[in-house]
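I write down what I looked up, in the order I looked.

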Amino acid sequence: MSSILTNNGAMVALQTLKTLNQDLSKTQSMISTGKAVATAKDNSAVWAISKVMESDVQGFKAISNSLALGESTVSVARQASETVTDLLTQMKNKIVDAQADNVDRSKIQDDVQALTDQIKSVVGAAQFNGLNLVNGSSSDFNTNGNVGTNILSSLDRDNLGGVTVSNIGVDAQNLSTTTGDALTAATNSVATLTENGGASDTTQVALGSAFLDASGGATGTTALKSSDAGVDTAVATGLVEGDVMRLKIGNIEGSYVVREGDTADAVLSGLKNGLMAAGLDDTKFNLSLGSGTLDVENLTSDAGIGISLSQERGTGALAQLATLDVSTKAGAETALSNIEGMIQSATNAASAFGSVQSRVETQASFVSDLTNSLKSGIGALVDADMEETSARLQALQVQQQLGVQALSIANQAPQSILSLFR
C-alpha cells in the first residue's frame, strides 16, 4: 500500500543516514585526536584506568629526577672517598720513608702535613647541592636507621589504589679529622711496673668501659656504628666505632681505632699490635692476651716504668691525622701503625658509596623502563588503530553517499502516485 502521509522508506533511509553520520563523526574524531578513548563518554572504565596510569607516569618522571640528583650526590661522596684513599696511600709511602735513620724527617713531615691539608680540603668540598656525606655534618636518620640521607626511588600502588613511596638509604661516612672528647679511662689508666722479678713486674690492662648499645646506654659487648639508631655518643663510659684507644708503655705509645663489630679482646689485640708497630722492644716487655685483658710483663731491671691507657671519642675516621708526626723515630713508628686503620676506613667508605651508587643506577634504569611500559600500556588502552580507522572512514564515507542516494530515492516515491490521477 502506498501512502503520501507515511513514507516508510524515507524514514528507514533517514535513520540509517543519522547512524552513519554519528559513526563518521566518531571516526573523524579518532583520526584527529589519535585516540579511540579521548573522553570519559567514549569508555568511562578505560578512560579512568588510563588517567590513573598517566598520573603514575608523571610521578615516575619526578622519581627519575630524584634518582639523578641522588646519584650525583653519592658519586661526589664516592669520588671524595677514593681521592682520600689515594692521598692516604701517598702519605703511607712518606711514613715508610721516615722509618729510615738517614732521612730528613722534618722535610717528610712537611709533605705529610701538606697531604693532610689536601685531605681536609677534599673532605670539606665533597658536597652536592649543599649535602656533604663525608664530613660528619649529617645528622638526619635514613630508612636504614643510620645517619645519612634518603633517595626517593619508587612509587608503589597496591590493588586497592593506595600509593606509597620507597627510598634508598645512603649512610653517611665520617672522614673528618675532628678529634672527639676524652672518654672515661680504663681500669689501668695509670700503673707502674717494678723491675723483673719484683712483686708487681706484671700488670693487666683491661677496658674500663663496655660498648655503647642501641638503647642509649653502655652495656654492649661489640662495637656499633656511632650512626646506628639508638646509639648515644654523649655517653662517655662506652666505646663505639671510631673511638681512638691509646696505650703508652714507657715512652712508646700504640694506638688503635675501634672498628664496627670489635669486642674487648679485639680492641686489646689492636693495641698490642699498635705497640709493636710503634717499636716496643719485645726483649724488654712481654705482651700476652688474656680473657679480656692485656698482660704487660717487664723483662728489664728497670723500675717505675709507667703505663697509661686513654680513650677518645673520635668523631672522624681520620681524627689521628691531627696528631700525625713523623719528625721523630718514635712518631714515625706510631704513624705507621695509625695510617693503616685510616686507609681501611677510607676504603670502606668508598666501597659503601660505590655499592649505593650502583643500586641507584640500576633503579634509575628500571624506572625508565617501567615508565616506557606504562606509556605503552596507556597507548594500548586508548590509542586508535589508525590503519583500521582509516579503512573504516573510507567505508563510512561510501555508505554516507549511498544513504543520501537512498533517502533521495525514498523521497521521490510519493511522486509516482500522481500518475494514478492522470
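Which residues of H4 are buried? I note that this is a predicted model. In H4 I find Val267, Leu268, Gly270, Leu271, Gly274 and Leu275 buried, buried being under 20% relative accessible area. I then looked at how they sit around the axis: they lie on the same side of H4, because they cover an arc of only 155°.

Next, the helix itself. H4 covers residues 264-277, which makes 14 residues. I read 20 Å from its first C-alpha to its last, close to the 20 Å expected at 1.5 Å a residue. Just after H4, I looked up the backbone of glycine 279 and found a positive phi of about 105°.

Then the sheet. I have three strands in an open sheet, ordered E6-E12-E11, and the pairing is antiparallel. Which strands are at the edges? I put down E6 (202-205) and E11 (285-289), since each of these pairs on one side only. From one strand to the next, I get a twist that averages 20°.

I went further into one pair. E11 and E12 (residues 294-298) run antiparallel and are joined by five bridges. For leucine 287, I looked up the bridge partner in E12 and found valine 296.

Last entry: how H4 is placed against these strands. I find H4 lying across E6, E11 and E12. Relative to E11, H4 runs at about 155°.

How values were computed: Residues numbered from 1 in each chain as written. Predicted model: local features only at pLDDT ≥ 70, side-chain atom pairs only at ≥ 80, totals over all residues. Heavy atoms only, no water. Helix = DSSP H or I, 4+ residues; strand = E, 2+ residues; numbered from the N terminus. Expected span 1.5 Å × (residues − 1). Buried < 20%, exposed > 50% of the residue type's maximum accessible area, 1.4 Å probe, protein only. Arc of directions from axis to C-beta. Pairing = 2+ DSSP bridges. Axes fitted to C-alpha atoms, helices over the stretch in contact; angles between N-to-C directions. Contact = heavy atoms within 4.5 Å.
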